[in-house]
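Reader: I'm new to this one. Can you walk me through it?

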Amino acid sequence: MDAELAMNTLRNWIDESENIVFFGGAGVSTESGIPDFRGTGGLYNQQYKYPPETIVSRKFYVNNLDEFYDFYRNKMLFLSAKPNSAHIELARLEKIGKLKAVITQNIDGLHYEAGSKNVLEIHGSIHRNYCLRCHKCFDASYIMSFDGPPCCDECGGLVKPDVVLYGESLDQNVIDASIDAIEACDLLIVGGTSLTVYPANGFINYYKGNKLVLINKTPTDFDNKADLLIHDSIGKALTYKSDPM
Ligand code: NAD
């Protein structure tokens with residue numbers, strides 16, 4: 001199907017639906033200037049000593065604190081990034097009662113900043129950071145203020161971002177709420193994700209309807225499951241309006 005026709009169909013499906021769920025990944029925030037992992041400008045296509053997913057793993061964190069925090073601060077903390085048209089449109093759809101949940105693999109907090117309320121951050125958030133010893137909370141700018149691993153200003157313990165590293169478990173309550181939302185929705189829009197990260201890539205299987213929309217710049221292994229496939233920008237697809245005749 002021609003891209004404009006597909007985007008027009010998406011607009012009609014959104015207009016008709018009263019129970020939309022959006023499930024997204026790093027591609028939702030590339031238009032805010034935050035690099036993804038596997039897209040064309042993504043971190044996999046830049047030269048590092050280790051692949052990004054090796055660095056953001058539990059094993060690497062435990063053994064290479066300095067390198068972890070160096071990468072984390074330089075490549076994952078974009079504190080001046082602002083929500084883009086995709087975040088803003090999803091927040092608008094929630095406000096008018098159509099969209100029931102945003103499920104995101106992103107840790108950047110931009111859906112909340114755009115005004116979305118029911119955001120299921122399955123991989124956590126850069127905006128929550130905890131002392132591993134006394135559990136005192138810190139914001140992301142606190143992590144930024146250190147050169148090396150950040151220490152608690154009360155007890156000196158190591159401060160760790162509340163993001164789920166590879167090899168760590170996800171919060172079961174967030175997973176359950178995500179699955180419930182997907183099972184109940186009539187329109188599932190999946191966007192800006194390569195759908196390669198387990199267990200998030202299994203979420204699509206819980207959808208029971210016949211309006212599964214996949215919006216991604218590059219093909220994924222799930223393209224053949226989509227009822228509507230759009231290989232284009234997520235911001236463009238979500239805000240598309242056909243020209244009046
Ligand atoms: P990914 O990097 O594996 O895939 C992103 C996909 O989005 C790619 O297929 C790319 O082609 C597509 N894409 C990029 N820009 C797009 C756009 N403007 N419109 C439509 N599609 C676009 O990302 P993933 O599937 O989310 O998995 C990576 C993991 O890394 C996740 O667990 C995520 O938590 C983490 N991560 C998060 C951020 C963030 O919080 N912003 C950034 C990088 C990585």
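Reader: Which residues have the most contacts inside the largest nonpolar core?
Author: Leu-10, Phe-22, Ile-189, Val-213, Ile-215, Ile-230 and Leu-238 do, in a core of 24 residues. A nonpolar core here is a set of buried Ala, Val, Leu, Ile, Met, Phe, Trp, Tyr and Cys residues joined through side-chain atoms within 4.5 Å. Buried means under 20% relative accessible area, exposed means over 50%, and partly exposed is in between (1.4 Å probe, protein chains only).

Reader: Which elements give two or more residues to this core?
Author: Helix 1 (3-16), helix 5 (85-95) and helix 9 (234-239) are among them. Strands are there too, including strand 1 (20-24), strand 2 (99-104), strand 7 (187-191), strand 8 (212-215) and strand 9 (228-230). The largest share, five residues, comes from helix 1. Helices (H or I, at least four residues) and strands (E, at least two) are DSSP runs, numbered from the N terminus.

Reader: Before we go on, where does the model come from?
Author: This is a predicted model, where local features need pLDDT of at least 70 and side-chain atom pairs count only at pLDDT 80 or more, while totals for chains, interfaces and linings use all residues. Residues are numbered from 1 along each chain as its sequence is written, and side-chain values use heavy atoms, with hydrogens and water left out.

Reader: Back to Phe-22. What does Phe-22 touch?
Author: Leaving out residues up to four places away in sequence, Phe-22 touches Val-28, Leu-90, Leu-99, Ala-101, Val-102, Ile-103, Ile-189, Gly-191 and Ile-234. Contact means heavy atoms within 4.5 Å.

Reader: And helix 1, which residues are buried there?
Author: Ala-6, Met-7, Thr-9, Leu-10, Arg-11, Trp-13 and Ile-14. Their cover includes strand 1, helix 5, strand 7, strand 8, strand 9 and helix 9. Helix 1 has 14 residues and reaches 20 Å from its first C-alpha to its last, close to the 20 Å expected. The expected span is 1.5 Å times one less than the number of residues.

Reader: What about helix 4, how far apart are its end C-alpha atoms?
Author: They are 15 Å apart. The twelve residues of helix 4 (residues 65-76) should span 16 Å at 1.5 Å a residue, so the two agree. Phe-68, Tyr-69, Phe-71, Tyr-72, Arg-73 and Met-76 are buried in helix 4. Helix 2 (52-55), helix 3 (58-63) and strand 4 (124-131) are among the elements covering them.

Reader: New topic, the ligand. How many residues surround the ligand, and which are the closest?
Author: 29 residues surround the ligand, and the closest are Glu-31, Phe-37, Arg-38, Gln-105 and Ser-194. A residue counts if one of its heavy atoms lies within 4 Å.

Reader: How much of the ligand does the protein bury?
Author: The protein buries 96% of the 860 Å² that the ligand exposes when taken alone. Those areas come from the Shrake-Rupley method with a 1.4 Å probe.

Reader: Now the loops. Is Asn-84 buried or exposed?
Author: Asn-84 is buried, because its relative accessible area is 7%. Asn-84 lies in the loop between helix 4 and helix 5. The Asn-84 side chain reaches the backbone nitrogen of Ala-86 at 2.8 Å. Asn-84 also touches Val-28, Ser-29, Glu-31 and Ser-32, with residues up to four places away not counted.

Reader: And Ser-29, where does Ser-29 lie?
Author: In the loop between strand 1 and helix 2. Ser-29 is buried, at 1% relative accessible area.

Reader: Which peptide bond is cis?
Author: The one from Tyr-198 to Pro-199 is cis, with omega near 0 degrees. Pro-199 sits in the loop between strand 7 and strand 8. Leu-195 lies in that loop too, with a positive phi near 55 degrees.

Technical notes. A polar contact is a pair of N or O atoms within 3.5 Å; within protein, one must be able to donate a hydrogen and the other to accept it, and residues adjacent in sequence count only if both atoms are side-chain atoms.
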